[in-house]
Amino acid sequence: MGSVTATVAPPTGAHVTPWFRTFGAIAAAGFRRHATYRQAAVAGLCTNTVFGFLRCYVFLAATGAAGTVAGYDRAQLATFVWAGQGLLAVIAIWGWTDLADRIRTGEVAADLLRPVHPVTSYLATDLGRAGFASLARLVPPLVVGPFFFAVYLPRHWATVPLFLLSALLAVVVCFGCRYLVNATAYWLQDVRGPMILWTLGSGVLAGLYFPLGFLPGPLEAVLRYATPFPSILQVPLDVLVEREPMSTGLTLIGVQAGWAVLLLALCRLVQRRAERRLVVQGG
Amino acid sequence: MSVIEMDGLRKEFTVRVKAGPLRREKRTVTAVDGVDLRVERGEMLGCIGPNGAGKSTTLKMLTGVLTPSAGRARVCGLRPVADRTRLALRIGVVFGQRSQLWWDLPLRDSFDLLRHVYRVRAGEHAARLARCRDLLDLDAFLDTPVRQLSLGQRMRGELTAALLHGPEVLFLDEPTIGLDVVSKQAVRGFLAELGRAGDTTLVLTTHDLADIERLCRRLVVIDHGRVVHDGSIAELHRRYGSRRMVVAELDAALPEPPVLPGAPVQRVEADGRRLVFALERASVAEVVAGLAGLTTLRDISIVEPDIEEVVARLYRAPAALMDAP
C-alpha cells in the first residue's frame with residue numbers, strides 16, 4: 001500500500017505554468033463533459049435556427065423603406081441576428097444552474113475540498129463548455145444565415161480577431177453574472193426568484209430582444225458603460241458588424257475587460273462571504 | 001505533534017422557525033459543542049453517533065468546508081479554513097452520500113483530471129492508480145461514465161480519487177452507506193490494507209459498527225455535539241456494562257428459572273428449555289456447574305457482547321447521564 005500513501009511532499013508554491021496547466025486541464029474536461037450531450041446540442045441548434053428566422057424577419061421589418069435602423073443596415077441586422085443566435089449558446093446566457101444546484105444539494109462541499117478556488121474551477125469548466133459550444137452551436141448559424149439572407153461581412157482585417165476576443169470576454173462577463181446569480185443560493189437556497197430576474201434583465205439589457213441602439217442614445221450609453229449586460233452580447237455583435245469606428249470598438253472591448261475583472265473579483269468576494277456562513281445541506 | 005488537533009471546537013447554526021402567520025424567530029442550534037481531540041499519525045479513528053450528533057459537521061470543520069463558531073482546529077499543522085487550499089493537497093475526503101467525481105466523465109478521465117488538479121507527477125499518479133486498480137478491482141468500469149456506475153463501483157472510484165494525490169490524512173464520512181455486503185467487504189478490506197501500511201491517518205464516521213470493529217482500534221462516540229466516549233471498543237463495553245451471555249439448552253424446562261449468584265437470567269426461551277444468563281461476576285464454569293446440579297444440559301454456548309446493543313443503550317441514555325470521557 002506504500003505507493004498509495006503520501007511519500008512525496010506535495011507542491012505548495014504558486015507557480016504560473018502549473019496553474020495554467022491545471023486551468024487548461026479543467027477547461028479540457030469541461031469541453032469533454034459537454035461534448036457528451038450531442039443530442040442536446042442538436043436540439044438547441046434547431047431551436048436557435050428557428051428563432052433566428054423569426055428574429056431576423058422582425059428586425060428586417062423594423063428597417064422599413066429607409067433600409068436602416070439605429071445605425072444598422074439590413075445586412076448588418078442579419079449578421080447581428082445570426083451571429084447572436086450562435087453566440088447565445090457560447091455565452092450560455094440562460095439555463096446554467098450548476099452552482100445553485102450543488103449548493104442546494106450540499107454537493108458544493110466537494111468543490112471546496114479541491115486545491116483550486118471554486119471561481120477558478122467553475123470558470124475553467126465554463127470556458128471549456130464555451131469552446132465546445134463555439135464549434136457545435138456558433139458555427140452552424142453562421143453558415144445557415146447567409147443561405148437565406150444577405151449578411152454583412154467584415155471589411156477590416158482586425159474585425160474577426162477582435163470579435164473573437166470580444167466573444168471570449170463576453171463568456172467571462174456572462175459567467176461572472178451567472179455565478180453571482182447562482183451564488184444567491186448560499187443565502188436563499190431556492191434561486192428561482194433571482195433566476196427569473198436575470199432571465200428577464202439579461203434578455204432585454206444585453207441586446208438579445210432588440211439591439212440596444214433602438215433605445216434613446218443616453219440610455220444606450222448608460223447601459224453600455226455602467227452595466228455589464230451589453231458586454232455579454234451586444235458588444236461582440238457590434239464589433240462584428242462594424243457598427244462603430246474601430247476606436248469605439250476597442251474602447252468597448254476595454255470596458256468588457258474591465259467588467260470581466262470586476263465581476264470575477266466580486267465572485268471571489270461573494271464566495272468568501274458565503275463560505276463563512278455555509279450550511280452544507282443534507283448532512 | 002498530533003496530526004489532528006481540536007480544542008473546544010464548536011459549531012452553531014442559526015435557523016429561522018415559524019412563530020406566527022408572518023413572524024419567524026431566529027433560533028441557535030448547537031451542532032458541535034466543544035470537542036477536544038488529538039489524533040496521532042497513522043491512527044485509525046472511528047467516529048459514531050446518532051443522526052444529527054455532529055460527526056459530519058466535525059469532519060467538515062476539519063476539512064475546511066465549514067467555519068467553526070469557536071475553538072481551534074489544526075490538521076497537518078494547518079488551519080482548515082484559512083489554509084483550505086493548501087490543506088486540500090494533504091488530505092483526502094470521501095463522502096458516502098456525495099460524489100467528488102465528474103458525473104459526465106468516465107472514471108479514467110476523472111482520475112486524469114485529478115492528477116492535474118492536485119499537480120501530481122505522472123509517475124506517482126500512475127503507480128498509485130495501478131495499486132488502487134489492483135486492490136479495488138477498477139478495470140472493469142474504468143471507462144464507464146460516473147453517472148452509469150453502481151453505488152459500489154462509484155464508492156471504489158471515490159476512494160481511489162481521494163488517494164491519488166497521496167494524502168496524509170483520509171477522512172471518510174459514512175463510506176459504506178448503502179453498499180451491498182460484497183462492496184462493503186471490498187471497501188473495508190482496502191481501508192484495512194491502507195491502515196496496515198501505517199503512514200496514512202484515517203478518520204471514519206459511520207453508522208455501521210462492523211466498519212469500526214473491522215478497522216479501528218480507537219472509537220469516539222459523539223452525541224449532542226459532544227464526545228461521550230473516547231477509547232477502545234473493549235473500554236466501551238466495560239464502561240457501559242456490556243456482558244457476555246451464556247445460552248444454556250436444557251433437556252426439560254425447570255419449574256422456576258434458577259438463581260445463580262453473579263449470573264442473572266436475562267431471557268427464558270423455547271418454553272423454558274433455553275435460558276440466557278448474563279455473566280456479571282460469575283464465570284462460565286460456575287454457571288455450568290450451577291446448572292448441572294439442577295438439570296441435564298443439552299448444549300452450552302457463549303455469546304460475546306454485542307456492540308450494537310451497547311451503542312443503542314448509549315444513544316438512548318439522557319445526555320446528562322453520559323459523563324465526559
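In this predicted model, Leu87(A), Val90(A) and Ile91(A) of helix α3(A) meet Ala167(A), Ala170(A), Val171(A) and Cys174(A) of helix α7(A). By class, the residues of this contact divide into 7 nonpolar, no polar and no charged. The points below begin with that helix pair, continue with a second pair inside chain A, and then turn to the contact between the chains and to the annotated regions.

**Helices α3 and α7 of chain A**

- Helix α3(A) spans residues 74–91 and helix α7(A) spans residues 159–183, and their axes come within 9 Å of each other while crossing at roughly 50 degrees.
- Because an angle under 35 degrees would count as roughly parallel and one of 65 to 115 degrees as roughly perpendicular, the angle of this pair makes α3(A) oblique to α7(A).
- The handedness of the crossing between α3(A) and α7(A) is right-handed.

**Helices α1 and α6 of chain A**

- Helix α1(A), residues 16–35, packs against helix α6(A), residues 118–148, at an angle of about 50 degrees, and the two axes are 7 Å apart.
- That angle makes α1(A) oblique to α6(A), and α1(A) passes α6(A) in a right-handed crossing.
- On the side of α1(A), the contact is made by Phe23(A), Ile26(A), Ala27(A), Ala28(A), Ala29(A), Gly30(A), Phe31(A), His34(A) and Ala35(A), whereas α6(A) contributes residues including Thr120(A), Ser121(A), Asp126(A), Arg129(A) and Phe132(A).
- Sorted by class, the residues of the contact of α1(A) with α6(A) comprise 10 nonpolar, 7 polar and 2 charged.

**Where chain A meets chain B**

- The contact between the two chains takes 37 residues from chain A and 45 residues from chain B.
- On chain B, the elements that each supply at least two residues of the side touching chain A are α1 (55–62), α2 (84–88), β5 (91–95), α3 (107–117), α4 (122–136) and α6 (181–197).
- Of these, α4(B) gives the most to the side of chain B that touches chain A, with 5 residues.
- The residues on that side of chain B divide into 18 nonpolar, 12 polar and 15 charged.

**Helix α1 of chain A against helix α3 of chain B**

- Across the two chains, α1(A) and α3(B) pack at an angle of about 155 degrees, and their axes are 8 Å apart.
- Since an angle over 145 degrees counts as roughly antiparallel, this value makes α1(A) roughly antiparallel to α3(B), and α1(A) passes α3(B) in a left-handed crossing.
- The contact is made by Arg21(A), Thr22(A), Ala25(A), Ile26(A), Ala29(A) and Arg32(A) of α1(A), together with Asp109(B), Leu113(B), His116(B) and Val117(B) of α3(B).
- By class, this contact of α1(A) with α3(B) has 5 nonpolar, 2 polar and 3 charged residues.
- Ile26(A) and Ala29(A) are named in the contact with α3(B), and they are also named in the contact with α6(A).

**Annotated regions of chain A**

- An unreviewed UniProt entry carries the annotation "transmembrane region" for residues 40–60, 80–97, 135–154, 160–181, 193–212 and 246–267 of chain A.
- Among these spans, residues 135–154 of chain A are 70% helix and 0% strand, with end C-alpha atoms 20 Å apart.
- Residues 160–181 of chain A are 100% helix and 0% strand, and their end C-alpha atoms lie 31 Å apart.

**Annotation and domains of chain B**

- The UniProt annotation "domain: ABC transporter", again from an unreviewed entry, covers residues 17–249 of chain B.
- That span of chain B is 36% helix and 26% strand, and its end C-alpha atoms lie 57 Å apart.
- Chain B is divided into domain 1 (4–238) and domain 2 (245–303), and the C-alpha centres of these two domains lie 45 Å apart.

Key
Residues numbered from 1 in each chain as written. Chains lettered and ligands numbered in written order. Predicted model: local features only at pLDDT ≥ 70, side-chain atom pairs only at ≥ 80, totals over all residues. Contact = placed C-beta atoms within 7 Å. Helix = DSSP H or I, 4+ residues; strand = E, 2+ residues; numbered from the N terminus. Nonpolar A, V, L, I, M, F, W, Y, C, P; charged D, E, K, R; others polar. Axes fitted to C-alpha atoms, helices over the stretch in contact; angles between N-to-C directions. Left-handed = near helix turned anticlockwise from the far one by under 90°. UniProt positions renumbered as here; feature names shortened; annotations may be inferred. Domains from an automatic or database assignment.
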